[in-house]
Amino acid sequence: MKKARFTTEQIIAILQEHAAGAEPADLVRRHGISKATLYHWKKRYGDLQVSDAKRLKELEDENRRLKRLVADQALNLQILKDVLGKAR
């Protein structure tokens with residue numbers, strides 16, 4: 001997986017600059033991002049503070065782990081059904 005160039009804290013700092021009235025064109029040029037990236041971040045992180053963003057990331061990681069666990073369980077269940085079906 002590609003490593004992000006900016007940490008969550010850096011993204012929030014950039015968004016706070018934008019909220020404080022900095023021009024998007026200046027932010028884009030200064031930080032080396034596209035306007036689309038800036039507005040994507042704004043949509044995703046909105047008015048979050050750093051602590052909220054860290055919690056969001058933790059929850060996303062936990063959700064990803066749990067989805068993988070459910071997928072593994074479903075696969076195991078399907079394998080058992082296939083084995084039992086062939087045994088009859």
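Which residue just after H2 takes a positive phi of about 70°? That residue is Gly32, where helices are DSSP runs of H or I at least four residues long, numbered from the N terminus. The model is a predicted one, so local features need pLDDT of at least 70 and side-chain atom pairs count only at pLDDT 80 or more, while totals for chains, interfaces and linings use all residues. Residues are numbered from 1 along each chain as its sequence is written, and side-chain values use heavy atoms, with hydrogens and water left out.

Helix H2 itself covers residues 24-31, with Pro24, Leu27 and Val28 buried (buried is under 20% relative accessible area, exposed over 50%, partly exposed in between, with a 1.4 Å probe and protein chains only). Looking down the axis of H2, these buried residues fall within an arc of 100°, so they line one face of the helix; the arc is taken from the directions from the helix axis to the C-beta atoms. Turned away from that buried side are Arg29 and Arg30, both exposed. H1 and H3 are among what covers the buried residues of H2.

After H3 comes Gly46, with a positive phi near 45°.

Now for how H1 meets H3. The two pack at an angle of about 100°, with their axes 10 Å apart (axes are lines fitted to C-alpha atoms, for helices over the stretch in contact, and angles run from 0 to 180 degrees between N-to-C directions). That makes H1 roughly perpendicular to H3, a label for angles of 65 to 115 degrees. H1 brings Thr8, Ile11, Ile14, Leu15 and His18 to the contact, and H3 brings Leu38, Tyr39, Trp41, Lys42 and Tyr45, contact being heavy atoms within 4.5 Å. His18 counts as buried, at 15% relative accessibility. Leaving aside neighbours within four places in sequence, His18 touches Pro24, Leu27, Leu38, Tyr39 and Lys42.

Finally, the largest nonpolar core has eleven residues, including Phe6, Val28, Ile33 and Ala53; such a core is a set of buried Ala, Val, Leu, Ile, Met, Phe, Trp, Tyr and Cys residues joined through side-chain atoms within 4.5 Å. Helix H1 (8-19) and helix H3 (35-45) each supply at least two of its residues, and the largest share, four residues, comes from H1.

Technical notes: Parallel < 35°, antiparallel > 145°, perpendicular 65-115°, else oblique.
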